[in-house]
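User: I would like to go through the aromatic pairs and the helix packing here. Could we begin with the aromatic rings?
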Amino acid sequence: MTGATGGLREFGDGPLSRAAARVHILLVVELLLLVSTLPGLAVLVLLDRDSSNLPLVAAAALPLGPAVSAALHTLRHQRPDLTDLRPAATFLRAYRANLAGVLRVWAPTLLWLAVIAVNLANLPAAAVPGWWAVPLVVVGAGVILVGVNALVIVSLFTFRTRDVLRLAVYYVARKPGVTVGNVALLAAVAGVTAVFSEAVLALLAALLVLALLRIGDPMIDEIRAEFTA
């Protein structure tokens, strides 16, 4: 096939081919996200929305971290080339390679959030002044934003856990555009969950991971430029 400049164009290089490849990658990643988080998703859908179930919610969300990490890695590294599409293999390889590192940042994040949520839900019963909710919410928001940054970093780079957490904290302030974008994305996630259900959110999982990746691009590019060879 000949391009406008007279050069030969390889099969899969055209805009339609690339668009088809991107759609294929998103669909495969969506399917793998659903499969890898299905046990936790089933628990979340069946649980009553009661504060006593908050520890179970945190436990059910544990598989989400490794799955999102593998999806981030796949969407970042899988080339949109119809002649070289292996998103499933890339996802599974990333899942296995990053599992331990992801759990080292994801499990403590969920634990912190569960503790904060339980305390917020039981402030009246504990006869604690209402203003205590403010610092708890602030700490919870910080934990979420650092956790999101850490999940992106551990998915795409090989650093020690302590360095992942340091970078995650550093970039909350260093890249305010990324932080604001993450806040907006998390607000959208919360809104979809509140209005519809976790099942509807799961059907949008691949698009949400892609949005997270695009929001984090400035942070990712700077880490690659400043902290990797």
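Analyst: This is a predicted model. The count of aromatic pairs comes to three. One of them joins tyrosine 170 and tyrosine 171.

User: What is the geometry of the pair formed by tyrosine 170 and tyrosine 171?
Analyst: The pair is edge-to-face, with 4.9 Å centre to centre and 75° between the planes.

User: Is tyrosine 171 buried or exposed?
Analyst: Tyrosine 171 is buried, at 0% relative accessibility.

User: Now the helices. At what angle do H4 and H5 pack?
Analyst: Helix H4 (residues 87-121) packs against helix H5 (residues 133-156) at about 170°, and their axes are 10 Å apart. H4 is therefore roughly antiparallel to H5, since the angle is over 145 degrees. The crossing of H4 past H5 is left-handed.

User: Which residues of H4 and H5 meet there?
Analyst: From H4 they include Trp106, Trp112 and Ile116, and from H5 they include Leu136, Gly140 and Val143. By class, the contact of H4 with H5 has 16 nonpolar, seven polar and no charged residues.

User: And how are H1 and H9 packed?
Analyst: Helix H1 (residues 15-46) and helix H9 (residues 205-215) pack at about 110°, with axes 8 Å apart. That angle makes H1 roughly perpendicular to H9.

User: Which residues make that contact of H1 with H9?
Analyst: Leu26, Val29, Glu30 and Leu33 in H1 meet Ala205, Ala206, Leu207, Val209 and Leu210 in H9. The contact of H1 with H9 divides into eight nonpolar, no polar and one charged residues.

Terms used
Residues are numbered from 1 along each chain as its sequence is written. This is a predicted model: local features need pLDDT of at least 70, side-chain atom pairs count only at pLDDT 80 or more; totals for chains, interfaces and linings use all residues. Side-chain values use heavy atoms; hydrogens and water are left out. Rings of Phe, Tyr and Trp (its six-membered ring) pair if their centres lie within 6.5 Å; planes under 30 degrees apart count as stacked, over 60 as edge-to-face and the rest as tilted. Buried means under 20% relative accessible area, exposed over 50%, partly exposed in between (1.4 Å probe, protein chains only). Axes are lines fitted to C-alpha atoms, for helices over the stretch in contact, and angles run from 0 to 180 degrees between N-to-C directions. Helices (H or I, at least four residues) and strands (E, at least two) are DSSP runs, numbered from the N terminus. Angles under 35 degrees count as roughly parallel, over 145 as roughly antiparallel, 65 to 115 as roughly perpendicular and the rest as oblique. A crossing is left-handed if the near helix is turned anticlockwise from the far one by less than a right angle, and right-handed if clockwise. Contact means heavy atoms within 4.5 Å. Ala, Val, Leu, Ile, Met, Phe, Trp, Tyr, Cys and Pro count as nonpolar, Asp, Glu, Lys and Arg as charged, and the others, Gly among them, as polar.
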